[in-house]
Amino acid sequence: MASVDIQDVRKFYGQLETIKGVTVDVPDGAFVVLVGPSGCGKSTLLRMIAGLEDISGGTISIGGRVINDVEPKHRDIAMVFQNYALYPHMTIAENMGFSLRLAKRPKDEIDRRVREAADILGLADYLERYPRQLSGGQRQRVAMGRAIVRNPQVFLFDEPLSNLDAKLRVQMRAELKDIHARLKTTTVYVTHDQIEAMTMADRIVVMRDGIVEQVGAPLDLYDRPNNTFVASFIGSPSMNLLPGLLTNGGKGVRVESGAELPLEGTSPAAGKVIYGIRPEHLHLAADGEGFEAVATNVEPTGSETLVQVRVGEQIVSAQLRDRVHIRAGDTVRLGVQAAKAHLFDAETSQRLG
C-alpha cells in the first residue's frame, strides 16, 4: 500500500488547459472518489496517475516516489475500466492470471493468487467458465480479480459500474466497499454518480472544469458545501438554491417570489444572497405558517413523496417522508427547518458563515 500525492498537476492539449493546478492528497489505505460532471477532468487525472496521459506540469508521487516519467507497468498500480476488456477465448482463471503469466511468475504462485482473489470475489465456482457464460456483474468481478491478483500499491477505478443496471450497481457498491475493507489497498475511484461517491468514499474530491472545488468526508460536503456548485452537485435530489435579499436584520431572506424564508441566528452578510435548503428539510406547514406554493409535479415512491412546487418563477423540490394526497395544481404551504438552511454570496457563490 502507498499514499498518492498530487501536487499542482496540469494537463494541456495544445493551448487548451484541461487540468488546472490540481492538488490532492490520497492517504495510505484510503478510498478516495473523484466526482464531477462530464468533462470536469476526473478521468484525465486518473489516467495521469496511471501513466496513460502525460503530465504537463506538477508532480504525482506514489509511496513518496515521483512517477511523472515512470512507465505505467513500473508504477505498481492496477486499473479497472468501464469496459471489462476480458479475453473471450480464455477461462476466468486464465483472464485473472494473465498479467502474472506475462510477468513470468511461477505457476503455483499464479494459481494461489487467482484462487485467493476468486474466494474474495465469490468466483471460486466459475474459474473454468468463459466470459460469455457469466452475467455482467460477474464479468465486472473478474475485471476486479485481474487487478487484485497483482497485489498493487494502488487500485484505480474508472467508472467501473456504469454499464450495470441499477440493482446490480447497488450490490457492487457494497461488494467494492467490502473488498476495500479486507485488502485496505489505497484506492482512487472515478464516477459522475454522486450517490456512488457518497456511499463508498472515505474522502470525496469534487471537480469542475479542471479544478478542485472541495475535498472532504462525504457528510462534511453534504452538510457544509463550500459553494453553490458543490451544494447542488452533492445530494439527490439536489439542494434548492433561491436568490433573495436579507431581511429583518439578517434573520431571514426574502426570495424573488416575495416569500420570507427563515435563518437560524443572524447572518453577518448584507444585500443579495442565495438561500439554500435541501428538499428533506422542507415540510408541509399549517395555515398561516411557512410559504405558499403551487404543486407542479408529485412523485410518490412508497416510503416518501417528492413534490415539486413553483415559488414565483422558480421550481422548488420538497422530499416529504409521508404519503401525501397532493396533485399537480394544488396550492400547498411549506415550512423550512431554519437550522438546516445554507447561505451563499450571490456574486461569488461562496458559502457565508
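**Exercises on salt bridges and a sheet**

E213 forms a salt bridge with R208, the closest N and O atoms being 3.0 Å apart, where a salt bridge is a side-chain nitrogen of Lys or Arg within 4 Å of a carboxyl oxygen of Asp or Glu. This is a predicted model, in which local features need pLDDT of at least 70 and side-chain atom pairs count only at pLDDT 80 or more, while totals for chains, interfaces and linings use all residues. Residues are numbered from 1 along each chain as its sequence is written, and side-chain values use heavy atoms, with hydrogens and water left out.

**Exercise 1.** State whether E213 is buried or exposed.

*Solution.* Begin with the cut-offs: buried means under 20% relative accessible area, exposed over 50%, and partly exposed in between (1.4 Å probe, protein chains only). E213 has a relative accessible area of 14%, so E213 is buried.

**Exercise 2.** Find which parts are tied together by the pair of E292 and R333.

*Solution.* First, the closest N and O atoms of the salt bridge between E292 and R333 are 3.8 Å apart. Next, E292 belongs to strand β16 and R333 to strand β19 (residues 331–336), so the pair ties together parts that are 41 residues apart in sequence. Strands here are DSSP runs of E, at least two residues long, numbered from the N terminus.

**Exercise 3.** Give the order of the five strands in the open sheet.

*Solution.* Two strands pair if DSSP finds at least two bridges between them. The order is β15-β19-β16-β17-β18, with antiparallel pairing. Finally, β15 (282–284) and β18 (314–320) are the edge strands, each pairing on one side only.

Key
Helices (H or I, at least four residues) and strands (E, at least two) are DSSP runs, numbered from the N terminus.
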